[in-house]
Amino acid sequence: MSNDKALVLFSGGQDSTVCLAWALTRYSEVETVGFDYGQSHAVELECRKTVLEKMAEAFPSWKAKLGADHMMNLRELSAISETALTRDVAIEMDESGLPNTFVPGRNLLFFVYAAALGYRRGAQTLVGGMCETDYSGYPDCRNDTIQTLAQSVSLGMARPFAFETPLMYVDKAGTWAMAEDLGGEKLVEIVTEDTHTCYRGDRAHRHDWGYGCGDCPACELRANGYARWHEAKV
Ligand code: ZN
């Protein structure tokens, strides 16, 4: 096991792309893992390959560190959960105050599966884009949840795993700023053009912040963050 090797939970979205860049500036070896959990819009998974290719092309020093990309099939998750991310239904809040885009336990499962893979690949650090700020109401994105899980996984696998969440206290404007800090205009361009965030899987409408329907909660967060980041720059 190496604490200089990281495995990044990489979906092809804005947050995990910035986390991947973060990892590539800190670790000497970086592998990526994506999860197919029956997302009704698989467009995010298609974006993964493009983002990886573009990052390798634009940053030769990162290319040298990028190792294997893994995909894991977690399709049972959609069979056992009723959610707007895995069913074609409207996005709304449920009676408990959670949006129906919430897939119960999703991030917990992601980390446990990633740890099992990291164990085999010798990667002691797992990196995820979970975030408490701009809080979408997902209890499995909270720092306490992630860090107590890291303890459980370390005990249960008898390996000292570290779960890193560089965006935990960063808002969406800060995520754009981080992309610029880590990779300059070239990375901002990749994030804008090739990462996907929209819950509806819309790649037909291009805005200054990238592609999306423009009015689902994910697009609203991304657009709003972009606007605030841009305002702070000028
Ligand atoms: Zn959208």
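You are looking at a predicted model, in which local features need pLDDT of at least 70 and side-chain atom pairs count only at pLDDT 80 or more, while totals for chains, interfaces and linings use all residues. Residues are numbered from 1 along each chain as its sequence is written, and side-chain values use heavy atoms, with hydrogens and water left out.

**The strands**

Now select strand 1 and strand 2 (residues 29-36), which pair in the parallel sense over five bridges. Strands (E, at least two residues) and helices (H or I, at least four) are DSSP runs numbered from the N terminus, and two strands pair if DSSP finds at least two bridges between them. Follow the chain from strand 1 through helix 1 (residues 14-24) to strand 2, and you trace a right-handed β-α-β crossover. Right-handed here means that, with the strands pointing away from you, the path from the first strand over the helix to the second runs clockwise.

Click on Ala 6 to find its bridge partner in strand 4, Thr 125.

**The core**

Select Leu 9, Met 55, Leu 126, Phe 163 and Leu 187 together: of the 64 residues in the largest nonpolar core, these touch the most other members. Helix 7 (residues 172-194) gives this core its largest share, nine residues. Such a core is a set of buried Ala, Val, Leu, Ile, Met, Phe, Trp, Tyr and Cys residues joined through side-chain atoms within 4.5 Å. Zoom in on Phe 163, whose contacts (heavy atoms within 4.5 Å) include Phe 111, Leu 126 and Ile 146.

**The zinc site**

Select the zinc ion, coordinated by the SG atoms of Cys 198, Cys 213, Cys 216 and Cys 219 at 2.3 to 2.4 Å. Donors are N, O and S atoms within 2.8 Å of the metal (3.2 Å for Na, K and Ca); water is not among the atoms, so sites may look incomplete. The four donor atoms subtend angles of 105 to 117°, which makes the arrangement tetrahedral; that label needs all angles between 85 and 135 degrees. Cys 198 counts as buried at 5% relative accessibility, and Cys 216 does at 0%.

**A last stop**

Finish at Ala 158, in the loop between helix 6 (143-157) and strand 5 (162-164). This residue is exposed, at 64% relative accessibility; exposed means over 50%, buried under 20%, and partly exposed in between (1.4 Å probe, protein chains only). Check its backbone too: Ala 158 has a positive phi of about 50° although it is not a glycine.

Technical notes: Four donors count as tetrahedral if all angles lie between 85 and 135 degrees; four count as square planar and six as octahedral if opposite donors are over 155 degrees apart and all others between 65 and 115; anything else is irregular. Lists of a residue's contacts leave out its neighbours within four places in sequence.
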